[in-house]
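Opening the notebook on a new model. I want to look at the ligand site and the strands.

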Amino acid sequence: MDCLFCKIINGDIPSECIYEDEFVYAFNDIDKQAPVHFLIVPKEHIKSADDLEEKHNELIGHIFLVAKKLAKENGLVDGYRVVNNCKEDGGQTVGHIHFHVFGGRSMQWPPG
Ligand code: AMP
Ligand code: ZN
C-alpha cells in the first residue's frame, strides 16, 4: 500500500522510533514544532479519525496511555498536548491516522 506511515512502520522508510508494541509505533516528527514532538501511529492502517469504528475503542484508549507514558519519559511534567488532525479541514496531510504529542513549551490556544 502506498502509505508513508505504513512504510515507516514496516521499516521501509527510516524513522527515529521512540516506542513500539503490538498495536502502535511512535517516532519523532521530522519537522518538530516544539522541543518534544513525536507521533503515535496505530499499526493498523486507518485513514483518519473519521474512519474509526467501535472496534477501535481499545486501540484509541491505548494510544492515550502510550502518550502519557512517553510524555513522562520525555520529562513533560508540566503538561503536553495531544492532537489529531482529521481530514482536509483538520489539516491532515498523511492519510494514516496519527496523534501528535507536543511538549517542552507552553502551547497557544485557540489553534490557527
Ligand atoms: P498531519 O499534518 O497531522 O497529517 O501530520 C503529519 C506529520 O507527519 C507532520 O507533522 C510531518 O512533519 C510528519 N512527517 C511527514 N513525513 C515524515 C517522516 N518521514 N518522518 C517523520 N515525520 C514525518
Ligand atoms: Zn498506512
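Strands first: I count two strands as paired if DSSP finds at least two bridges between them. Helices (H or I, at least four residues) and strands (E, at least two) are DSSP runs, numbered from the N terminus.

Housekeeping: this is a predicted model, where local features need pLDDT of at least 70, side-chain atom pairs count only at pLDDT 80 or more, and totals for chains, interfaces and linings use all residues. Residues are numbered from 1 along each chain as its sequence is written, chains are lettered from A and ligands numbered from 1 in the order in which they are written, and side-chain values use heavy atoms, with hydrogens and water left out.

Entry 1, the hairpin. I looked up what links E1 to E2, and found a hairpin of 3 residues. Strand E1 (residues 17-20) runs antiparallel to E2, with 3 bridges between them. Tyr-19 faces Ala-26 of E2 across the pairing.

Which residues are closest to ligand 1? I get Asp-29, Asn-85, Thr-93, His-98 and His-100, out of 16 surrounding residues (a heavy atom within 4 Å counts as near).

A polar side-chain atom of Asp-29 sits 2.5 Å from a ligand 1 oxygen. For Asn-85 I read 2.8 Å from a polar side-chain atom to an oxygen of ligand 1.

Helix H1 (4-10) and strand E2 (24-28) each give two or more residues to it, and H1 has the largest share, 3 residues.

Terms used:
Polar contact = N/O pair within 3.5 Å; in protein donor to acceptor, adjacent residues only side chain to side chain.
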